Amino acid sequence: DDVTIQLKWVTQAQFAGYYVALENGYYADEGLNVTIRPGGPDIAPPQVIAGGGADVIVEWMPAALAAREAGLPLVNIAQPFKQSGMMLTCLADTGITGPEDFPGRTLGVWFFGNEFPFLSWMSTLGIPTEGGDDGVEVLRQGFNVDPLLQRQADCISTMTYNEFWQVIDAGIGEDELVNFKYEDQGVATLEDGLYVLEENLEDPDFVDRMARFVRASMRGWEWAAENAEDAAMIVLDYDDTGAQTEEHQIRMMGEVALLLEGSNGTLDPEDFERTVQTLLGGGSDPVITDHPGDAAWTHAVTDMAFD
Amino acid sequence: MHAGFWQGFGMSLSLIVAAVLSQGGAPAQPGGAALLGVALAVLLWTLQPKLRARGHAVPMALNLTGIAAGLGVAAWSMATAQTGAEGAAFGWAMVGIWLGGWMLVSFLADLPRASGWAGRAQALLAPVVFGLTLIWFWEALVRVLSVPRVILPPPSAIGARISTSAPTLWVDFVQTFVKGALSGFAIGVAAALVFALVVNRYDFLRRGLLPVGGFLAALPIVGTAPIMVMWFGFDWPSKAAVVVAMVFFPMLVNTVQGLAAADAMQRDLMRTYSASWGQGLRKLHLPAAMPFIFNGLKISSTLALIGAIVAEFFGSPTRGMGFRISTEVGRLQLDMVWAEITVAALAGSLFYGFWALLEKRVTFWHPSQRAR
Amino acid sequence: MKQADAPVIDAQGLNLIFQTADGPVHALKDVDLSIRKGEFVSFIGPSGCGKTTFLRVIADLEQPTAGTITVNGMSPEAARKARAYGYVFQAAGLYPWRTIEGNIRLPLEIMGFSRAEQAERAQRVLELVDLAGFGRKFPWQLSGGMQQRASIARALAFDADILLMDEPFGALDEIVRDHLNEQLLELWKRTEKTIGFVTHSIPEAVYLSTRIVVMSPRPGRISDIIDSPLPRERPLDIRDSPEFIEVAHRVREGLRAGHVDD
Amino acid sequence: MKQADAPVIDAQGLNLIFQTADGPVHALKDVDLSIRKGEFVSFIGPSGCGKTTFLRVIADLEQPTAGTITVNGMSPEAARKARAYGYVFQAAGLYPWRTIEGNIRLPLEIMGFSRAEQAERAQRVLELVDLAGFGRKFPWQLSGGMQQRASIARALAFDADILLMDEPFGALDEIVRDHLNEQLLELWKRTEKTIGFVTHSIPEAVYLSTRIVVMSPRPGRISDIIDSPLPRERPLDIRDSPEFIEVAHRVREGLRAGHVDD
Amino acid sequence: MRSILPILTVVAAILALWYAATIQMNRAWTEDRAARAGVELSFTELVADTMSQSRPRLPAPHQVVVELWDSTVVEEMTGRRGWWSTGTLSNRSLIHHGWITLSATFLGFAIGTGLGFVLAIGIVHNRAMDASVMPWAIASQTIPIIALAPMIIVVLNSMGIAGLLPKAIIAAYLSFFPVVVGMVKGLRAPDAMQLDQMKTWNASGWETFAKLRLPSSMPYLFASMKIGIAAALVGTIVGELPVQQGGLGVRLLSGSYYGQTVQIWSALFAAAILAAVLVGIISLIQRVTLKRMGMAQ
Ligand SMILES: Nc1ncnc2c1ncn2[C@@H]1O[C@H](COP(=O)(O)OP(=O)(O)OP(=O)(O)O)[C@@H](O)[C@H]1O
Ligand SMILES: Nc1ncnc2c1ncn2[C@@H]1O[C@H](COP(=O)(O)OP(=O)(O)OP(=O)(O)O)[C@@H](O)[C@H]1O
Ligand SMILES: Cc1ncc(C[n+]2csc(CCO)c2C)c(N)n1
Ligand SMILES: [Mg+2]
Ligand SMILES: [Mg+2]
């Protein structure tokens with residue numbers, strides 16, 4: 001059976017589980033022929049799945065729920081990542097010590113559907129994002145951490161497993177940085193879940209295929225978490241761009257493993273609810289306006305997979 | 001063959017097929033007989049030379065009714081289920097409408113050109129009809145094939161979005177076009193003009209700089225955009241810088257070429273008057289260069305907006321056309337994306353049109369302007 | 001040096017060799033010629049014999065590779081800077097972005113005439129060439145003949161003593177040409193300018209000139225210089241006179257001798 | 001209809017009005033002319049009088065707005081499709097990307113001659129115009145006169161009975177022109193073609209033609225038709241003969257009468 | 001020789017300026033770090049540091065050259081995945097990525113030129129197209145294709161079209177326009193007299209096209225093909241950004257993603273060299289063709 005999965009970003013250890021499952025033959029064991037499509041800037045996985053370019057996508061829950069509201073009924077079928085890796089990283093010498101110091105500052109944020117966690121956080125804090133003295137000036141952060149290095153922004157968005165280390169690699173000491181983890185701020189949202197189109201779930205064959213896919217993928221993730229170095233090398237082998245480095249990927253794998261802890265792939269409805277509440281929370285311009293209800297996730301696949 | 005012969009012939013045939021097919025549907029197409037009548041009239045007109053009136057009124061009226069009839073069938077087939085005969089009728093109606101639109105365009109192209117403003121408006125008619133046909137096709141296909149809105153929205157949705165989001169569009173337009181593109185355009189063009197004068201003055205420089213310049217012009221600007229963001233920050237100056245980099249070389253190359261455009265005799269004339277360098281420049285070289293300079297301006301005018309938009313993909317404040325496009329793609333608000341693209345295309349075309357019009361005024365003497 | 005009958009143009013042992021990709025072209029070889037004030041000298045010869053080149057040397061548009069040439073006793077360059085001559089090119093060469101009047105004003109602007117003076121002179125020369133009333137037209141709105149006349153007017157506007165004309169009437173029909181020939185003669189008689197005139201037409205050369213220089217090509221040499229016995233006063237039908245036919249015959253013979261069929 | 005001395009070209013009450021932005025231009029007005037087989041008819045007249053237009057009407061390149069015209073008894077369109085004539089334009093108009101021979105073959109290719117026939121005919125006409133050996137050259141490698149001869153060769157290659165020539169020698173110098181005139185006469189005598197020939201030069205018209213049509217402009221009319229008393233055999237120095245001068249004089253008078261200064 | 005001297009002078013001048021700018025633009029970082037480390041830098045130390053940073057604001061020219069060399073020859077000869085050890089091109093080498101870009105560029109250029117050609121023929125021969133198409137062709141170039149590229153790729157991918165073709169289509173979109181403009185001009189280059197001449201020979205439309213319009217359009221065709229292929233290269237690079245399957249565009253982006261300025265610059269120069277080579281190839285074909293046609297005077 002053929003399965004095509006669309007990743008959220010470029011080939012890197014963030015998606016090691018899938019590459020490991022492919023390389024180690026876990027998919028083949030399940031009778032699956034899996035194609036992994038790397039993402040990239042301006043590739044929106046929901047768009048890809050809507051166009052029929054993939055059967056399942058890796059996406060962040062805020063973006064997936066926003067897509068639901070935009071009329072694309074995505075359903076979470078599995079959630080390998082238990083925790084959020086998102087942070088706001090600030091230079092210590094700017095004098096920022098807590099969220100109360102944000103007003104008047106310039107913050108770098110990813111857009112393209114990745115801005116929802118940030119916007120929710122700010123609206124929880126009651127800080128306007130349109131600039132001004134009591135608001136924050138938001139920059140659309142590009143692909144890299146330059147805004148911080150060039151001091152164009154006081155803080156930038158980083159992932160624990162990726163951009164943060166790039167800042168470190170650029171020669172800035174950990175003690176020169178102040179990090180705000182979304183987890184710690186109580187505004188964490190679910191990242192890197194697997195989503196499919198609602199209509200497909202009516203087809204038992206599809207559910208079966210997805211169950212096998214999720215089972216194999218989780219095998220891949222377990223192996224990857226235990227064999228970080230080897231997993232990183234597998235990822236490197238699948239990287240067509242030749243841009244990733246060994247050192248960086250091994251480190252990334254280590255950090256990603258931390259985020260996996262506590263999940264066997266089954267979505268915890270409490271996490272879902274927390275994410276929804278964060279997104280609905282506060283402000284005049286919430287990310288989603290209505291509670292999506294339980295139709296936005298299902299245990300049908302994971303139940304079948306792990307029984 | 002007279003104008004519109006094949007198109008008219010084809011249109012009537014497709015409409016006849018569509019009419020016949022539409023009779024087979026569950027609730028039979030009510031206007032079937034009328035449709036058949038129209039199609040037959042067009043067919044008769046195309047085939048019968050005697051019926052071809054000298055003027056354009058009769059064929060034009062037939063043509064328009066034919067298109068209207070096609071639209072009717074298409075609308076009806078879209079409203080009813082897309083199965084069997086309706087689907088086929090729809091297909092044939094589409095073909096009929098396409099050919100009808102084409103026939104209309106050939107009539108318009110054949111019409112004697114009026115003078116003055118009426119003529120100018122008339123020249124716009126054909127492209128407008130062509131564009132409307134395209135837009136209708138887009139709308140109909142998106143609806144009939146039920147293309148997901150997150151992939152391609154229908155023009156009607158885009159239009160609606162433009163009217164509801166006008167303030168945002170305006171803010172983005174100011175940020176990207178007025179601040180980024182225009183300032184970059186002005187700086188880039190001015191720098192290129194000055195530079196061209198210097199290069200033109202010193203032959204050594206010309207022989208050295210032009211090849212090197214050609215090489216540097218080949219640098220793909222998508223690559224320079226992140227660098228410019230790094231150098232000039234997130235706001236519009238970095239966009240302007242990208243635009244400067246984009247327009248500089250086309251402008252320089254054209255201007256240098258233009259400054260060399262005066263022919264030997266025209267130069268010799270200046271020599272016989274023992275004119276100074278400045279006099280030669282003002283009275284001969286600049287005027288002679290104008291057609292080339294405007295060529296450069298026209299190319300640069302389309303590049304400027306594109307450059308400013310692209311640069312925003314690599315970092316921007318939270319406004320601007322490029323910012324909006326990329327953000328809204330991520331949010332699956334494709335109607336907003338297309339609204340921005342529409343604004344961009346409109347602004348770009350108008351900016352281009354502005355230079356084309358000015359060119360007409362300034363280089364009225366050039367044979368290419370006199371030809372029409 | 002600059003006394004009354006000192007030569008206005010004086011070329012001695014003039015040579016000009018163009019270096020081209022195909023090797024050197026000897027465009028002028030050992031040309032000796034001196035032209036006195038008030039003369040009307042025509043240059044005739046087959047294509048490529050160096051007529052244009054010689055005129056261009058006089059005008060300092062080309063540098064001889066050997067020999068000496070003076071214009072008004074000065075070097076051609078000095079003469080050009082002193083605006084000693086007006087030059088009419090074979091093609092009208094009007095600037096298409098200027099009106100006819102604007103074209104005629106062009107040299108006047110460059111030479112710093114006042115606006116009033118410019119207008120006045122432009123008007124005068126326009127009348128001289130029968131173009132009064134066409135000043136506001138653009139060149140391409142005029143026929144070839146009218147353009148050519150405008151270009152002559154332009155060269156006349158600043159009233160240099162020397163007029164160099166390179167086949168100015170080549171593109172015109174015979175009647176218009178006759179007419180312009182008459183007018184040119186008229187002007188020459190009135191103003192006593194020194195005129196160097198290149199033509200392909202034997203009758204034209206004979207009709208206009210006090211002296212006819214016949215050239216032969218490759219290398220471009222002067223093969224004959226014919227003094228015209230015709231009086232200064234020349235009605236058109238002087239062309240049917242035996243003297244005229246005699247001179248024309250001599251020119252044709254000179255030409256034929258030097259002519260190498262290409 | 002097509003008997004021996006039926007007119008080859010027969011125009012009756014021909015009118016042609018161009019609609020231009022500045023209003024209508026009456027290019028031909030009430031032109032009656034019939035040309036018999038083997039005639040050499042020259043058209044002369046001031047610029048813009050409609051000479052070219054008339055030739056173009058014959059060639060079906062322009063449609064008359066009133067009147068009738070037949071060519072070989074057919075409509076011009078039918079005659080064109082029957083390839084009844086060869087047309088030589090004012091400029092040589094050779095294709096720079098074809099060799100001289102390639103240029104001459106061009107119409108033959110279009111008319112579907114066999115390759116062998118093409119080669120044979122190209123060779124023949126090249127010899128006819130004295131260009132044998134130049135077939136492999138490109139046009140820009142030849143002088144203007146040679147190009148013009150090649151263009152004539154091209155029009156001769158497919159051996160139409162009628163030859164229409166629009167100022168073919170306008171751009172050439174007098175010697176070359178004389179030479180080509182002689183050759184054209186020679187060809188005409190030998191092949192007995194019917195020739196329509198536009199020129200600006202009075203001597204040329206008189207030297208070549210059996211009949212000279214003098215036209216006057218705006219609206220373009222035929223103002224005079226002069227039958228030449230000259231014999232078919234015409235050495236170059238016939239131009240000094242009294243008959244010649246007499247005809248030339250008459251042509252000039254006719255021209256002057258109709259001439260309106262532009 | 002005469003033409004090389006001015007070029008060398010200009011290049012030398014640019015290099016000098018570049019080095020000066022390198023010091024100026026990178027010194028802030030050097031000084032910042034020195035200040036934090038609490039050391040005092042001499043001028044030579046400062047200069048040396050500005051030219052050897054790993055993520056400079058502006059890399060020094062020699063850094064770019066070294067990177068170009070390292071990521072081509074050195075990578076292929078000594079790299080783990082290089083040609084020397086695996087027999088295939090390394091996916092870390094610019095040769096590999098340059099080849100990917102090149103093939104898509106060629107394909108896109110071929111499609112674009114073909115399309116431009118067909119459109120130009122239509123415009124020249126059909127009044128309706130002449131009246132209606134051109135304004136839209138101009139408008140098509142004012143919409144930021146670069147913004148559309150990811151969507152186009154997604155849509156094509158969903159239609160099962162992947163690999164070279166989506167990139168090539170974007171390349172074609174950018175390269176058809178210069179070809180249309182140039183070819184319309186070129187096909188209209190024959191003057192009225194030449195067209196009349198064809199008519200006097202009763203030539204058919206096809207013959208007029210093949211024997212007159214087409215040959216006369218050649219110089220225009222080549223001029224616009226030179227612009228077109230450079231545009232196709234830009235289009236390919238743009239198309240490569242979202243696909244992440246190799247190519248110079250990916251090198252540019254990943255360089256940017258990881259803040260590897262030197263890598264960005266070397267990819268940029270590789271692209272410019274590629275463009276120069278492509279334009280050079282067309283010039284060569286132009287020279288040969290025109291010479292064959294006898295038009296290179
Ligand atoms: N700039 C140049 N470079 C090289 N050769 C030249 C140049 N100008 C003229 N020649 C050559 O010098 C010779 C004389 O040219 P010139 O123009 O003086 O002839 P001409 O007598 O005026 O001919 P025509 O009657 O055709 O105008 C010709 O062989 C020509 O090809
Ligand atoms: N296509 C056209 N449209 C409008 N007017 C035209 C056109 N062709 C010619 N004319 C006009 O018709 C008149 C006759 O032109 P024609 O070319 O026949 O003159 P001609 O006798 O050949 O002149 P010349 O000696 O200058 O070649 C002129 O006034 C000309 O301006
Ligand atoms: C232009 C652009 N910038 C950032 C992201 C955000 N993003 C998505 S996944 C991921 C984790 C890998 O670091 C990150 C940072 C994006 N999608 N597009
Ligand atoms: Mg000359
Ligand atoms: Mg004519």
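Predicted model: local features only at pLDDT ≥ 70, side-chain atom pairs only at ≥ 80, totals over all residues.
Biologist: Before we go on, how are residues and chains labelled, and what does the model count?

Modeller: Residues are numbered from 1 along each chain as its sequence is written, while chains are lettered from A and ligands numbered from 1 in the order in which they are written. Local features need pLDDT of at least 70 and side-chain atom pairs count only at pLDDT 80 or more, whereas totals for chains, interfaces and linings use all residues; side-chain values use heavy atoms, with hydrogens and water left out.

Biologist: Which pair of chains has the most contacts?

Modeller: Contact means heavy atoms within 4.5 Å. Six pairs of chains touch, and chains B and E have the most contacts among them. Chain E brings 50 residues to that contact and chain B brings 46. By comparison, chains B and D do not touch, with their nearest C-alpha atoms 9 Å apart. Chains A and D have no contact either, and their closest C-alpha atoms lie 48 Å apart.

Biologist: How much area do chain E and chain B bury between them?

Modeller: Buried area is the accessible area (1.4 Å probe) that two parts lose on being put together, summed over both. For chains E and B this is about 4,100 Å², with 81% of it on carbon and sulfur atoms. A salt bridge needs a side-chain nitrogen of Lys or Arg within 4 Å of a carboxyl oxygen of Asp or Glu, and the count between these chains is zero. Three residue pairs are in polar contact, both at pLDDT 80 or more. That term means a pair of N or O atoms within 3.5 Å; within protein, one must be able to donate a hydrogen and the other to accept it, and residues adjacent in sequence count only if both atoms are side-chain atoms.

Biologist: Which elements of chain E give two or more residues to the side that touches chain B?

Modeller: Among them are α1 (4–37), α6 (127–142) and α10 (205–243) of chain E. With 12 residues, α6(E) gives the most.

Biologist: And how is chain C divided?

Modeller: Into domain 1 (3–84 + 161–261) and domain 2 (92–159), with bounds from an automatic or database domain assignment. Their C-alpha centres lie 25 Å apart, and the contact takes 13 residues from domain 1 of chain C and 12 from domain 2 of chain C. Together the two domains bury about 1,100 Å², 65% of it on carbon and sulfur atoms. One salt bridge crosses this interface.

Definitions and conventions
Helix = DSSP H or I, 4+ residues; strand = E, 2+ residues; numbered from the N terminus.
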